[in-house]
Amino acid sequence: MRTRLLLPTTLALAMAAWPAVAQPDGPMLAEACAGCHGQAGAGQGAISDLRGYDRDAFLLVWAEFAADERPATIMNRIARGYTEADVEALADFFSSLE
Amino acid sequence: MTRQTRTTLTRRGFGTLIAASAATLATPGLLRANTNGRLLVVGGGFGGASAARFARINYPDVSVTLVEPQTSFVTCPYGNLILGGRKQLSDITHSYDGLRARGVQVIHDRAQEIDAEGHRVTLAGGDVLDYDKLILSPGIALRWNAIEGYDEAASEVFPHAWWGGDGSQITTLRAQLEALPEGGVVGMAIPDNPFRCPPGPYERISMIAHHLKQANPTAKILAFDSKDGFAKQGLFQDAWEELYGDMIEWIPASQDGRIMRVDTENKLFVSEFGEEHHVDLGNVIPPQYAAGIARDAGLANDSGWVPVNPRSFEAEAARDIHVIGDANVGAPMPKSGYIANSTAKTAVTAALAEISGRPAWDDPVYFNTCYSHAGEDYGISVAAIFRPTDDGFEATPDSGGVSPSGPLSEMSRNRRLEARYADAWYASITDDMFS
Amino acid sequence: MSDLHQSTPRVRLPRSASAGDTIEVRTLIDHPMVTAVSGPGPRDMLARFEATMNGETVIAYDFANGAAANPTFTFHVRAAAPGDFTFTWTHEDGRRFTTEGSVRVT
């Protein structure tokens, strides 16, 4: 079993054991979010803090964005760019942050 | 990083490596002199700074050296807000101290020559740096004389302000704008694709108009374009009509908008078909290509840009050199800061896979959001998610896109929020580069 | 048919050249090129573009429905003295828009 150790953009460690089959890489996917949502999703100005976001709520809200069922300026367009597996990985990641 | 220094008399041509001790190499935060692998990053902008920082955080055993001529970094993004009178140069200038504190060895010099075979880079000051892996993020060069009469000397009269540099281009342009005679004409020459920052010229038009509306309301902006369409065009043109009346005239190529010659002495823009336009202020954004260091190393193709592997960003023309940011052939990904920042991380995982034993990100996703300020409290955006294909990049279908259109009476909340989000983007992304 | 669109052809030629030099010729004409195939009409299309150098045709092009509005042509010819050019765009209704230009070919 291969242990992948990739530090997120804070001092907090997110360790995961990955099987040989490719799975979306939550921390790496989340790197792109930092450009707006700040380091480790801590938020910035008007853009929300994602740390410790309830996992189920994350999935629900993301799905609403993707379906244009939730008011959004940009997250609806962004949400549609990711697969379900990607979103699960992101939900795992952000829900694990403090 | 083993380094030949000036004081030890090694220069290009001598070729002798001298391993420096930890004492002579001591820079604040450098953890160890001889570490597990040497990553060299050339270019300290959106791509390079992001790459260096990500590498130090995630691969602490790899030594990272960053070479950047500027001692602090002036972003091109948000430079337009200086024109609009909403920001100062200090607001868009960033220190490299944060990267130093993370253990990046920052060298302020210009990389002059790459020896891809020998895995070394020579700096203008004479030093030679050896690397195991090179992340090359050198940005663009301007094609001087592609527009007849527009050379480096001309850019002091007609600024381009299409790189941050030392901040002088954007501050000169701002000064010229403030000194524009009453009712004067601002001329802008906009290039054909591909060029750095597709919405940039149009945000610039907006911010100039925003300034003029208050300071010089009878002035005019003539935007001469070598294209017949542009990024977020519908949104920009709606905003111009709503906010600036008839101050802005956009002339597309099909209406003789391509500027092919400029005369800085007589202050003229001359079009493809010979129309002469007098301007009081001339902003010329010339055609571009990859920075000279990439082309001189033989990394670019006939287009002047560097083709790369879509998964690793390794240059097709050389092993162990990963080219990120504006210099590469990334279409349809735009040449944007966010793309440089996003792709930098994938490139680092690929570059350091061998050294670290950790696999590269084998299913990468690349991300872009470009915010533009069309006016005060009037932000618009375009977002896109890309994935590599076997021979290039593709936008993920049925996703991304531009802000919804509509009159201010319906969209004012959306526009105000996007303007705030744009400010937050700027703070977040520069944190991701320099903090 | 009311308000026939009067087009202004534009041409860019080098001022001078030596005989045998390859020179670049750029042309542009403003014309809406309405096909009325999948959009509203009436149809308003140019049919043909032709350029001559010293009386001889150097390029001729028959437009099809796919032609874009404001058609532009850039082509290259080997300059021959004296270097007198004519450019003619012919409308489907027979009208012609012409312009001339010359290159001092020595």
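Trainee: What should I know before reading?

Mentor: Residues are numbered from 1 along each chain as its sequence is written, and chains are lettered from A and ligands numbered from 1 in the order in which they are written. As this is a predicted model, local features need pLDDT of at least 70 and side-chain atom pairs count only at pLDDT 80 or more, while totals for chains, interfaces and linings use all residues.

Trainee: How many helices and strands does chain B have?

Mentor: Chain B has 10 helices and 24 strands. These are DSSP runs numbered from the N terminus: helices are H or I with at least four residues, strands are E with at least two.

Trainee: Why does the radius of gyration of chain B agree with a compact globule?

Mentor: The rule is 2.2 Å times the number of residues to the power 0.38, over C-alpha atoms. For 435 residues that gives a value near 22 Å; chain B has 22 Å, so the two agree.

Trainee: What share of chain B counts as buried?

Mentor: The share is 52% of its 435 residues. Buried means 20 or more other C-beta atoms within 10 Å of the residue's own, with C-beta atoms placed from the backbone.

Trainee: Why are helix 8 and helix 10 of chain B called oblique?

Mentor: Helix 8 (residues 337-351) and helix 10 (residues 408-434) of chain B pack at about 40°, with axes 11 Å apart. Angles under 35 degrees are roughly parallel, over 145 roughly antiparallel, 65 to 115 roughly perpendicular, and the rest oblique. The pair in chain B is therefore oblique.

Trainee: Which residues meet there?

Mentor: B:Gly337, B:Tyr338 and B:Asn341 of helix 8 meet B:Ile429, B:Asp432 and B:Met433 of helix 10. Contact means C-beta atoms, placed from the backbone, within 7 Å.

Trainee: What makes helix 1 and helix 4 of chain A roughly perpendicular?

Mentor: Helix 1 (residues 26-37) and helix 4 (residues 84-95) of chain A pack at about 85°, with axes 8 Å apart. These two helices of chain A are therefore roughly perpendicular.

Definitions and conventions. A residue is buried if 20 or more other C-beta atoms lie within 10 Å of its own, exposed if 12 or fewer, and partly exposed in between; C-beta atoms are placed from the backbone. Axes are lines fitted to C-alpha atoms, for helices over the stretch in contact, and angles run from 0 to 180 degrees between N-to-C directions. Two residues are in contact if their C-beta atoms, placed from the backbone, lie within 7 Å.
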